[in-house]
Amino acid sequence: MQAPQGAPGALDGLTAQQREIVILAGHGLTNGEIADRLFLSPRTVASHLYRSYPKLGIAGRRQLRDIIDQQITPGAGR
């Protein structure tokens, strides 16, 4: 996986579980769907997302998709 331009290694600062949750949320899954898939509570998922946003330099869930797209498909997005 290559880092996108302007956000080198955006996901590198996350724990493995945070990274997995962020990717799933970026693909449109709800906290409940992520919780079911990872055997966590929705509240735990929300907590991981809340702690991930400052590490990613974003304000909320709507910005996750762009970061995920850039991480998975370099050069995509803008």
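**Entry 1: the overall layout**

In what order do the elements of the chain run from the N terminus on? I read them off as α-α-α-α. My tally of the secondary structure came to four helices and zero strands.

Of the 78 residues in the chain, 36% are buried. I also took the contacts between residues at least 6 apart in sequence, and 55% of these join residues at least 24 apart.

**Entry 2: how confident is the prediction?**

I checked the pLDDT before going further. The chain has a mean of 84, and 81% of its residues reach 70 or more. Which helix has the lowest confidence, and which the highest? H4 is lowest, at a mean of 82, and H2 is highest, at 98. I put a pencil mark beside residues 1–6, where the pLDDT is below 50. Beyond near neighbours in sequence, that stretch has nine contacts in the model.

**Entry 3: the nonpolar core**

I then turned to the largest nonpolar core, which holds 19 residues. Which of them touch the most other members? I wrote down Leu 11, Val 22, Ile 34, Leu 49, Leu 56 and Leu 64. Two or more residues of this core come from each of helix H1 (16–26), helix H2 (31–38), helix H3 (42–56) and helix H4 (64–72).

Leaving aside residues up to four places away in sequence, Leu 56 touches Ala 10, Leu 11, Leu 14, Val 22, Leu 64 and Ile 67.

**Entry 4: H2 against H3**

For packed helices I looked up two things, since a pair is described by the angle between the axes and the distance between them. The axes of H2 and H3 come within 8 Å and cross at roughly 110°. H2 is therefore roughly perpendicular to H3. On the H2 side the contact uses Asn 31, Gly 32, Ile 34 and Ala 35, and on the H3 side Pro 42, Val 45, Ala 46 and Leu 49. Sorted by class, this contact has six nonpolar, two polar and no charged residues.

Asn 31, in helix H2, got a line of its own. How far apart are the C-alpha atoms of Asn 31 and Pro 42? They are separated by 5.2 Å, with the two residues eleven apart along the chain. Not counting residues up to four places away in sequence, Asn 31 touches Pro 42, Val 45, Ala 46, Leu 49 and Arg 61.

**Entry 5: H1 against H3**

I repeated the look-up for H1 and H3. Their axes come within 9 Å and cross at roughly 95°, so these helices are roughly perpendicular to each other. H1 brings Gln 17, Gln 18, Ile 21, Val 22 and Ala 25 to the contact, while H3 brings Val 45, His 48, Leu 49, Arg 51, Ser 52, Lys 55 and Leu 56. By class I have six nonpolar, four polar and two charged residues here.

Which residues of H1 are buried? My list reads Gln 18, Ile 21, Val 22, Leu 24, Ala 25 and Gly 26. After H1 comes Gly 28, and I noted its positive phi, near 100°.

Ser 52 lies in helix H3. Is Ser 52 buried or exposed? It counts as buried, at 0% relative accessibility. Setting aside residues up to four places away in sequence, Ser 52 touches Leu 14, Gln 18 and Val 22.

Tyr 53 is also found in helix H3. Its relative accessible area is 13%, so Tyr 53 is buried, the cut-off being under 20%. With residues up to four places away in sequence left out, Tyr 53 touches Ile 58, Ala 59, Gly 60, Arg 61 and Leu 64. I have 8.6 Å between the C-alpha atoms of Tyr 53 and Leu 64, which are eleven residues apart along the chain.

My last stop was Thr 15, in the segment before H1. Thr 15 counts as partly exposed because its relative accessibility is 39%. From Thr 15 to His 48 I noted 33 residues in sequence and 9.4 Å in space, C-alpha to C-alpha.

Notes. Residues numbered from 1 in each chain as written. Predicted model: local features only at pLDDT ≥ 70, side-chain atom pairs only at ≥ 80, totals over all residues. Heavy atoms only, no water. Core = buried A, V, L, I, M, F, W, Y, C linked by side-chain atoms within 4.5 Å. Buried < 20%, exposed > 50% of the residue type's maximum accessible area, 1.4 Å probe, protein only. Contact = heavy atoms within 4.5 Å. pLDDT = per-residue confidence, 0-100. Axes fitted to C-alpha atoms, helices over the stretch in contact; angles between N-to-C directions. Parallel < 35°, antiparallel > 145°, perpendicular 65-115°, else oblique. Nonpolar A, V, L, I, M, F, W, Y, C, P; charged D, E, K, R; others polar.
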